[in-house]
Amino acid sequence: MWSRVGRVHGRSWEPVRGAHASLLSPAPPSRAQLHLHVPATKLQAVEGGEVVLPAWYTLQGEVSSAQPREKPFVMWFFQLKEANEEQVLAYINGATTSKPGVSLVYSMPSRNVSLRLQGLQEKDSGPYSCSVNVQDKEGTNRGHSIKTLDLNVLVPPAPPSCHLLGVPRVGANVTLSCQSPRSKPAAQYQWDRQLPSFQTFFAPGLDIIRGSLSLTNLSSSMSGVYVCKAHNEVGTAQCNVTLDVSTGPGAAVVSGAVVGTLVGLGLLAGLVLLYHRRGKALEEPANDIKEDAIAPRTLPWAKSSDTISRNGTLSSVTSARALRPPHGPPRPGALTPTPSLSSRVLPSPKLPTTDGGHPQAVSSIPGGVSSSALGRMGAVPVMVPAQSQAGSLV
């Protein structure tokens with residue numbers, strides 16, 4: 001007689017023959033092989049949150065459906081930058097030890113050995129290794145496997161700081177700067193004007209990597225509230241700055257400087273012109289006499305008349321006869337009268353001669369120029385010996 005196959009506490013029993021056959025015998029050991037599964041080798045998480053590193057194992061090659069009780073040994077390691085490993089969790093002989101914020105997702109014993117990390121920080125980024133070793137109740141090793149996952153902890157942009165570089169006056173240039181102190185990956189930046197009207201800025205005025213916005217040739221209409229947004233794939237933060245474009249003292253100072261320069265140049269040009277005019281004025285008096293004075297005409301003198309001045313001084317005027325060359329040979333002892341350079345001095349008319357002859361009339365000066373006028377004009381009287389009618393000197 002055959003008995004049914006029974007199963008008690010995971011053991012399988014073989015059928016026995018005969019009424020007296022009651023001997024139990026264990027099933028042959030399984031030739032199973034452990035295989036550790038991870039669905040992805042690269043994971044991402046956000047700083048401050050949590051993440052689950054998924055992992056589970058299976059036994060392959062089992063020869064029967066009977067599963068003896070398993071005894072797994074699970075350990076998780078974190079690869080440090082110094083090429084050293086740090087153990088973050090261990091489950092051995094039913095006891096679990098782990099670092100703060102690290103735990104297994106399922107209670108052990110379990111074939112799902114996923115790891116949970118809470119309160120993540122950027123420094124938690126790196127490779128994590130899971131090692132699983134399984135034994136049966138008799139202590140027989142049924143397999144061992146190791147898998148590695150890479151975790152990247154992302155950091156949203158920290159609140160940026162906004163600054164205004166330059167003096168916001170009409171016609172000037174300013175730069176709005178925005179920079180987040182911490183971000184992973186590096187943040188990109190966008191500038192918008194919210195008030196009084198919305199406006200979005202683009203390159204080349206906007207630098208999305210450095211976070212700067214250049215505003216040139218400012219006008220009053222460009223005043224308003226400017227908002228900078230720092231963003232990456234896991235977060236956004238923003239700050240703002242108020243731009244108030246004024247026409248303050250800066251423009252007045254520039255205008256004053258321009259006007260002052262023009263006035264200074266005008267004064268300098270006036271001084272130069274005045275200097276030239278003054279130089280010409282000093283030269284004109286010396287030329288007035290030469291240019292304005294009328295040269296006296298040649299005075300007609302009476303023939304063979306010698307003139308004596310009004311004051312009894314001999315005149316420097318030479319008679320017209322003396323100026324003409326003599327027709328005959330000169331008499332011995334007679335002097336030929338010499339023309340005088342100061343023929344401008346005229347004697348008084350109708351003076352008697354010294355030899356008792358009849359007085360001869362002397363023609364007046366044409367134009368009515370008196371001797372005093374001639375003296376003012378610079379004529380110098382010169383004394384010249386006069387001749388009598390007989391030709392002797394008087």
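What follows is a dialogue in which labels are set against their definitions.

Author: One caution belongs at the start, namely that this is a predicted model. In outline, the protein chain holds three helices and 21 strands, and 28% of its 394 residues count as buried.

Reader: How do you know that Cys162 and Cys239 form a disulfide?

Author: The sulfur atoms of Cys162 and Cys239 are 1.8 Å apart, and the cut-off for a disulfide is a pair of cysteine sulfur atoms within 2.5 Å, so the pair qualifies as a disulfide. The torsion about the S-S bond of Cys162 and Cys239 is about 80°, so this disulfide is right-handed. Cys162 belongs to strand β14 (residues 161-165) and Cys239 to strand β21, so the bond ties together parts of the chain that are 77 residues apart in sequence. Both Cys162 and Cys239 are buried.

Reader: What makes Cys178 and Cys228 a disulfide, and which handedness does the pair have?

Author: With sulfur atoms 2.0 Å apart, Cys178 and Cys228 form a disulfide, and the torsion about their S-S bond is about -85°, so this one is left-handed. Here too distant parts of the chain are linked, for Cys178 sits in strand β15 (residues 174-179) and Cys228 in strand β20, 50 residues apart. A search of the whole structure finds two disulfides, and, with bonded cysteines counted along the chain, their pattern is 1-4, 2-3.

Reader: Why is Cys178 called buried?

Author: Buried means under 20% relative accessible area, and Cys178 has a relative accessibility of 2%, so it counts as buried. Cys228, at 0%, is therefore buried by the same criterion, and Cys130, which also has a relative accessible area of 0%, is buried as well.

Reader: Why are β17 and β21 called edges of their sheet?

Author: The open sheet has four strands in the order β17-β16-β20-β21, with antiparallel pairing. β17 (199-200) and β21 each have a single partner strand, so one side of each is left without a neighbour in the sheet.

Reader: Which strand runs parallel to β4?

Author: β4 is joined by five bridges to strand β13 (residues 141-154), and the two run parallel; in β13, Asn152 is the bridge partner of Gln44.

Reader: Which residues have the most contacts inside the largest nonpolar core?

Author: The largest nonpolar core has 30 residues, and those with the most contacts inside it are Leu53, Trp76, Val113, Leu115, Leu117, Val132 and Leu151. Strand β12 (residues 126-136) supplies the largest share of this core, four residues. Leaving aside neighbours within four places in sequence, Val132 is in contact with residues including Leu34, Leu36, Tyr57, Phe73 and Val113. Apart from this core lies another, of 20 residues, among them Ala187, Tyr189, Leu218 and Met222.

Reader: What share of the contacts joins residues at least 24 apart?

Author: Among contacts between residues at least 6 apart in sequence, 59% join residues at least 24 apart. As for the surface, the protein chain exposes about 25,800 Å², of which carbon and sulfur atoms supply 57%.

Note on methods
Residues numbered from 1 in each chain as written. Predicted model: local features only at pLDDT ≥ 70, side-chain atom pairs only at ≥ 80, totals over all residues. Heavy atoms only, no water. Pairing = 2+ DSSP bridges. Buried < 20%, exposed > 50% of the residue type's maximum accessible area, 1.4 Å probe, protein only. Contact = heavy atoms within 4.5 Å. Areas by Shrake-Rupley, 256 points an atom, 1.4 Å probe, with all protein chains shown as cover. Core = buried A, V, L, I, M, F, W, Y, C linked by side-chain atoms within 4.5 Å.
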